[in-house]
Amino acid sequence: MFPNSSNLGRPPFLPKQQHNNFFNELPLNIPPTLLSHQQIVDARFNFQNAALSRAILSGNLSTIPAVSPQPLTYGNGSPVPTSAAPTLFRGRKRLSEQNVPYDVKRQRFHSPHCESTLVNQTVPLPEERRYSFPGSIPSPVFHAHYIPDLTGCVPPLRDAPFPDPIETTLPVAKDKLSQQVLELFQACQQQTCDLNKKELCRTELQKEIQRIFPQSRLFLVGSSLNGFGTRSSDGDLCLVVKEEPVNQKTEARHILSLVQKLFCTKLCKSQTTANYIERPQLIRAKVPIVKFRDKVSCVEFDLNVNNVVGIRNTFLLRTYAYIENRVRPLVLVIKKWASFHDINDASRGTLSSYSLVLMVLHYLQTLPEPILPSLQKIYPESFNPTMQLHLVHQAPRTVPPYLSKNGSTLGELLVGFFKYYATEFDWSRQMISVREAKAIPRPDGIEWRNKFICVEEPFDGTNTARAVHEKQKFDIIKDEFLKSWQRLRDKRDLNCILPVRPTIQKR
């Protein structure tokens with residue numbers, strides 16, 4: 001299903017000697033799931049038309065079928081999946097969670113509606129069908145041999161429109177704090193309907209963008225796919241226009257200006273049929289983006305050009321998310337905590353969600369008995385930064401679960417996370433490195449000088465926390481870590497640092 005049934009994490013650029021006008025041979029197929037929805041709509045339309053004709057011819061108007069109101073759609077009439085929540089556009093705010101059925105809010109983790117189920121259908125793996133452990137299938141890319149019953153802890157991404165529910169074991173929560181962490185995770189984790197909305201918008205936008213960049217492909221990346229998404233997560237899109245790197249200061253800005261113009265002239269005008277994009281804005285950052293809102297799904301999107309490291313790290317983080325069952329609940333709660341305390345916004349000089357995730361992974365790697373390893377060290381072939389992009393999505397399939405001897409509960413790990421960054425980590429001399437699975441000395445490069453927080457990007461080595469450039473903001477961040485550690489240490493109640501019920505209701 002993701003994206004276009006053939007492309008997520010699998011950018012189209014093959015080795016140069018294999019190009020052969022590759023794009024022109026790729027049909028722009030509607031993803032299987034979306035096609036199924038369209039077939040349902042078409043069947044309903046044909047049935048209603050037939051019933052209407054019979055009623056008119058017979059003169060019995062009382063038999064004319066009632067016409068139900070239609071939801072807001074894209075220009076070609078593509079419907080938004082509405083299996084779990086209504087999606088009509090309601091002004092500038094996201095849909096109220098009050099409209100979501102209570103049983104959806106309190107689903108069990110293995111429910112077929114949860115995010116972990118949907119991601120089993122997103123990236124096409126043609127040789128697979130219903131295998132729970134795809135690592136047992138020989139891969140043409142990776143030649144290492146793994147034990148079949150240990151592989152496949154990372155849910156594969158597949159095309160099947162209606163996969164069987166996959167039971168995913170959650171950690172046992174015996175204490176109050178761990179139970180609160182799990183409750184918040186289960187209520188706020190991204191759902192199938194959330195991901196479907198983003199994918200449908202991506203599909204429509206790709207068709208429009210290919211009018212001006214015929215050989216481009218649009219990819220959904222970031223938290224929507226890396227296993228750490230929430231119900232309120234925005235969508236991140238990467239527009240890949242060519243195989244070679246793009247100068248982000250000049251070429252990327254020019255390309256994005258054309259995309260913004262396309263959105264403004266064709267997708268924002270009320271007189272056009274494809275009026276579903278709202279407020280497209282070009283942001284001239286180090287990695288420039290076009291920010292916009294999809295009026296059909298009510299999701300905010302950021303679109304970049306050729307920032308392909310985002311495709312690589314999406315699948316690295318996805319692997320970390322699923323090799324140990326305590327990782328995802330812990331990350332989600334910490335993201336919610338940072339957002340509640342206003343330290344989770346890179347545009348305002350605080351921490352990005354990506355930096356927060358790397359900080360959690362780093363903490364779990366540096367425990368006396370680690371809960372996570374360095375995947376890039378153990379599986380260098382699978383996470384090679386020079387791997388061709390169309391192979392990147394296959395890496396998680398080959399990684400077995402990580403069997404840690406650390407039996408700490410979620411509550412203990414949460415307290416330990418705050419203690420580590422409040423009292424142990426040396427902000428002035430050390431850099432967070434998930435690649436090395438340890439804190440390493442700060443480099444001497446100009447990018448690292450006069451920076452208050454240094455978090456190494458696992459693939460390109462840049463500082464993901466460079467937005468924290470004011471001492472005042474840095475002091476606020478450190479203070480929140482210290483206060484949260486002290487409160488949790490004394491009370492062992494998540495509500496003392498993050499109100500659980502209002503957070504669930506707000507999602």
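**Close-up views of helix packing and the nonpolar cores**

**View 1. Burial along helix α9 in the predicted model.** In this predicted model, the buried residues of α9 are S355, L356, V357, L358, M359, V360, L361, H362, Y363, L364 and Q365, so that eleven of the 13 residues in this mostly covered helix are buried. The elements that cover these buried residues include the helices α7, α8, α11 and α12, together with the strands β6 (430-433) and β7 (438-441). From its first C-alpha to its last, α9 reaches 19 Å, which is close to the 18 Å expected at 1.5 Å a residue.

**View 2. Helix α11 and its surroundings.** The buried residues of α11 include L410, G411, L413, L414, V415, G416, F417, F418, Y420 and Y421, and the buried residues of this helix pack against α4, α8, α9, β6, β7 and α12. The end C-alpha atoms of α11 lie 20 Å apart, in agreement with the 21 Å that its 15 residues should span at 1.5 Å a residue.

**View 3. The crossing of α4 and α11.** The axes of these two helices come within 7 Å and cross at roughly 90°; α4 and α11 are therefore roughly perpendicular to each other. On the α4 side L177, S178, V181 and L182 take part, and they meet L410, G411, L414 and V415 of α11. Sorted by class, this contact of α4 with α11 holds six nonpolar and two polar residues, with no charged residues.

**View 4. The crossing of α4 and α8.** Helices α4 and α8 pack at an angle of about 85°, their axes being 9 Å apart, and this angle makes α4 roughly perpendicular to α8. The contact is formed by V181, L182, L184, F185 and C188 from α4, and by R328, P329, L332, V333 and K336 from α8. By class, the contact of α4 with α8 comprises eight nonpolar and two charged residues, while no polar residues are present.

View 5. The largest nonpolar core has 71 residues, among which L184, L364, L414, F418, Y421, I453 and L494 touch the most other members. At least two residues of this core are supplied by each of α4 (176-188), α7 (309-323), α8 (327-340), α9 (353-365), α11 (410-424), α12 (471-491) and α13 (500-506).

**View 6. The surroundings of F418.** With residues up to four places away in sequence left out of the count, F418 touches W337, F481, S484, W485, L488 and I497. F418 is also one of the buried residues of α11.

Definitions and conventions: Residues are numbered from 1 along each chain as its sequence is written. This is a predicted model: local features need pLDDT of at least 70, side-chain atom pairs count only at pLDDT 80 or more; totals for chains, interfaces and linings use all residues. Side-chain values use heavy atoms; hydrogens and water are left out. A nonpolar core is a set of buried Ala, Val, Leu, Ile, Met, Phe, Trp, Tyr and Cys residues joined through side-chain atoms within 4.5 Å. Buried means under 20% relative accessible area, exposed over 50%, partly exposed in between (1.4 Å probe, protein chains only). Helices (H or I, at least four residues) and strands (E, at least two) are DSSP runs, numbered from the N terminus. Contact means heavy atoms within 4.5 Å. The expected span of a helix is 1.5 Å times one less than its number of residues. Axes are lines fitted to C-alpha atoms, for helices over the stretch in contact, and angles run from 0 to 180 degrees between N-to-C directions. Angles under 35 degrees count as roughly parallel, over 145 as roughly antiparallel, 65 to 115 as roughly perpendicular and the rest as oblique. Ala, Val, Leu, Ile, Met, Phe, Trp, Tyr, Cys and Pro count as nonpolar, Asp, Glu, Lys and Arg as charged, and the others, Gly among them, as polar.
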